[in-house]
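Dear colleague,

Please find below the structure that I am handing over to you, with its sequence. My notes on what was found in it follow directly after.

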Amino acid sequence: MKTIFTKLILMSITAFIIGCSDDDTLSHTEVSPVNALYAPEDNTFMNLGAQSSALFEWQAAKAEDNGVVLYDVAFDTEEGDFSDPVYVMPSDGKGFQQTLNLPFSELSRIAGMAGIQPENTGKLKWTVFASKGLNIQQSEVSRVIEVERPGGFPTPDELYLTGTATETGDDLSAASAFTKTGASTFEIYTALKAGEYQLVTRNTGTPDTYFIEGNKLRADGSATYEAGEAVHRIRIDFSDGSVTVAQVEKMELWFAPFGEFLFELPYAGNGTWKAENEYIEFKQESWGRDERYKFRMTLTEGGNTLEEWYGSANADNVRPDENTPGSYWYMVPAPDDDWTNTFKFGDAADESNVDIEVIFNTEVPEYTHVVTVLD
């Protein structure tokens, strides 16, 4: 009986100690809500197209144990009550500071999540949550900021074209890839026919979607292509949402020794043009046989005709052979004169038939061309 009584006393003491410990732990998590917001002022207007940032600042909350407090800034629509905020993020210093410096580009992204479209003005409500990891306290005060979003969008890592109007149809997994040409820019050479099309940020799952409206990129939707089937170059700049679409009329091979275009390269699909079984003969000069060539692309854009020349990255070249690296055939914008930045055919091409393929797609490291001697 004494043993049982002793055990009961020990159990009671243990429970009392644990209870006190729990009370101490909980008291250490208690914080007061933030009582005042300092900046920005209520209804401050911000043009988010500027290269700047917004400073959010508030009064410190108090912890019952006089320890540190963690802060999160919550954003919601103007009508929201923060029960389901649009976005929540820690303050500066991983949540320890009473400020949040937010780049306008990030604030524009949050505004988009709140339904404010690019090139439109709208309002966001913000407040501060204080806690020590538990017992989160929402401030009873909030403020509104009015923002004007720029025309651009966050730049995706990849961009694809899909839909019934495209070369690959509406099978997302087969979507045609854009080439990324800069930090925020993409382009694609592709044929379009009557139907629907959209731009997507990946070719699996549920990607973000965009469509073209005039010379602007729009989010969340698709567009209708109603013109006749044609090859186009589509250029997208996500930084300002601008779009440039040009129709590719033809691709030609310029043979400098004769001062003329030898032939056109028909479009073969997937951003490639291919001329098959074309005869090549170098020109005999007093110093030897001349074999220099480059390419011209003709486009129409906004009713205007454009001529763009493509040639070698080198101003002058030697004839390629079996040891020539693949980069020799890479194509870059070139002057429109007869000779500068021309390629040279290899020896085997002289007085022979060749296939020539120009490749402007993502299956090659750089835009390039291939010359295949047939006999």
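In strand 8 (residues 137–138), glutamine 137 is the bridge partner of alanine 130. Strand 8 is joined to strand 7 by two bridges, and the two run antiparallel; strands count as paired if DSSP finds at least two bridges between them. Helices (H or I, at least four residues) and strands (E, at least two) are DSSP runs, numbered from the N terminus. The two strands form a hairpin with five residues between them, and glycine 133 in the turn has a positive phi of about 100°.

Before I continue, two remarks on the source are needed. This is a predicted model, in which local features need pLDDT of at least 70 and side-chain atom pairs count only at pLDDT 80 or more, while totals for chains, interfaces and linings use all residues. Residues are numbered from 1 along each chain as its sequence is written, and side-chain values use heavy atoms, with hydrogens and water left out.

Strand 7 and its partners

Strand 7 also pairs with strand 4 (residues 70–77), in the antiparallel sense and over eight bridges. Within this pairing, tyrosine 71 has alanine 130 of strand 7 as its bridge partner. A further antiparallel pairing, over six bridges, connects strand 7 with strand 9 (residues 143–148); here glycine 122 stands opposite valine 147 of strand 9. How many of the 11 residues of strand 7 are buried? Nine of them are, and the strand is mostly covered. Buried means under 20% relative accessible area, exposed over 50%, and partly exposed in between (1.4 Å probe, protein chains only).

Aromatic pairs

Rings of Phe, Tyr and Trp (its six-membered ring) pair if their centres lie within 6.5 Å; planes under 30 degrees apart count as stacked, over 60 as edge-to-face and the rest as tilted. By this rule the count is 24 aromatic pairs. Phenylalanine 56 and tryptophan 126 form an edge-to-face pair, because their ring centres are 5.0 Å apart and their planes stand at 75°. This pair links distant parts of the chain: phenylalanine 56 belongs to strand 3 (residues 53–58) and tryptophan 126 to strand 7 (residues 121–131), 70 residues apart. Phenylalanine 56 is buried, at a relative accessible area of 0%, and tryptophan 126 is buried with a value of 0%.

Another pair, tyrosine 293 with phenylalanine 345, is stacked, with 4.0 Å from centre to centre and 20° between the planes. Tyrosine 293 is in strand 25 (residues 292–301) and phenylalanine 345 in the loop between strand 28 (343–344) and strand 29 (352–359), so the pair ties together parts 52 residues apart in sequence. Tyrosine 293 counts as buried at 0% relative accessibility, as does phenylalanine 345 at 1%. Both rings are members of a cluster linked by ring pairs, whose members include Phe255, Phe295 and Trp329.

An open sheet of three strands has the order 1-3-6, with antiparallel pairing. Strand 1 (37–39) and strand 6 (99–103) stand at its edges with a single partner strand each, so one side of each has no neighbour in the sheet. From one strand to the next, the twist averages 20°. Strand 1 is joined to strand 3 by two bridges, and leucine 37 has tryptophan 58 of strand 3 as its bridge partner. Helix 2 (residues 104–113) packs on this sheet and touches strand 3 and strand 6; the direction of helix 2 makes about 85° with that of strand 6. Contact means heavy atoms within 4.5 Å. Axes are lines fitted to C-alpha atoms, for helices over the stretch in contact, and angles run from 0 to 180 degrees between N-to-C directions.

Glutamate 308

Glutamate 308 is found in strand 26 (residues 304–311) and counts as buried at 19% relative accessibility. Its side chain makes a polar contact of 2.7 Å with that of arginine 233 and one of 3.0 Å with that of tyrosine 310. A polar contact is a pair of N or O atoms within 3.5 Å; within protein, one must be able to donate a hydrogen and the other to accept it, and residues adjacent in sequence count only if both atoms are side-chain atoms. Not counting residues up to four places away in sequence, glutamate 308 touches Arg233, Phe295, Arg296, Met297 and Leu299.

With kind regards
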